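The sequence and structure come first, followed by the notes.

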Amino acid sequence: MANISGFLSNILKAMYGEDVRDAIHDSINTINEEVIDYNAYVTQKANETANNALRTENCKRECQKAQEVAEANMRRAERAANETEINATEVNRDLGEAKNAVNAAQEKAEMSNTFSERAKSYADQAANTLTQTVNKINEAVEMNTPRMVIDFNTGHLLYEGGRFNWIIDPVTGHLKWEVT
């Protein structure tokens, strides 16, 4: 995030209208650039979240396929053991393969859960970042707009609605101002 204390200091130090306008312009321009950079960051995180969600779905499909293969191997091994008289070692081998396939499916399911949690975390981060950005923009939009009005009856210049205090220095007679 941009450090704008230097810009605020320039605004406070500016004595002439052109200097004040330049200082305000530079401050707003810097904040605008930060918002643009921040939006790019949010977009990147949202894309990463979408990619992680796709990987999670692919991993889930692979887990389901592996589990189906494992279940088929287990059924085949059970049928072989019940229907024919085969060597016990062959049955054990088929059961071992089925168990290995089940273990592999369980590992892939765990990976799928990990990717799912990451995707949710990235989605939450993107949502929080978007909310913060919208709140900052709303804060900037809702700031009071200063207005100068001339009272033609008294000839006084009136200031209202802004965020400045105007003071006349009794010694020098200079008009000074400060941010409220």
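Which residues make the nonpolar surface patch of about 820 Å²? In this predicted model, the patch is made by Met 148, Ile 150, Phe 152, Leu 157, Trp 166, Ile 168 and Leu 175.

**Surface patch**
- Strands β1 (147–151) and β3 (164–168) each supply at least two residues of the nonpolar patch.
- Leu 157, one of the patch residues, lies in strand β2 (residues 156–160).
- Leu 157 has a relative accessibility of 58%, so it counts as exposed, the cut-off for that class being over 50%.

**Strand pairing**
- Strand β3 runs antiparallel to strand β4 (residues 175–179), and 5 bridges join the two.
- Across this pairing, Ile 167 stands opposite Lys 176 in β4.
- The two strands β3 and β4 form a hairpin with 6 residues between them.
- In the turn of that hairpin, Gly 173 has a positive phi of about 80°.

**Nonpolar core**
- The largest nonpolar core has 5 residues in all: Ile 11, Ala 14, Val 20, Ala 23 and Trp 177.
- Beyond its neighbours within four places in sequence, Ala 14 is in contact with Asp 19, Val 20 and Trp 177.
- In soluble globular proteins, nonpolar side chains tend to be buried together.

**Helix α3**
- Val 91 is placed in helix α3 (residues 88–142).
- Val 91 counts as buried because its relative accessible area is 13%, and the limit for buried is under 20%.
- The C-alpha atoms of Val 91 and Ala 81 are 6.5 Å apart, with the two residues 10 apart in sequence.

Notes
Residues numbered from 1 in each chain as written. Predicted model: local features only at pLDDT ≥ 70, side-chain atom pairs only at ≥ 80, totals over all residues. Heavy atoms only, no water. Core = buried A, V, L, I, M, F, W, Y, C linked by side-chain atoms within 4.5 Å. Buried < 20%, exposed > 50% of the residue type's maximum accessible area, 1.4 Å probe, protein only. Contact = heavy atoms within 4.5 Å. Helix = DSSP H or I, 4+ residues; strand = E, 2+ residues; numbered from the N terminus. Patch = residues over 30% accessible without salt bridge, like charges linked within 9 Å, V, L, I, M, F, W, Y side chains within 5 Å. Areas by Shrake-Rupley, 256 points an atom, 1.4 Å probe, with all protein chains shown as cover. Salt bridge = Lys/Arg side-chain N within 4 Å of Asp/Glu carboxyl O. Pairing = 2+ DSSP bridges.
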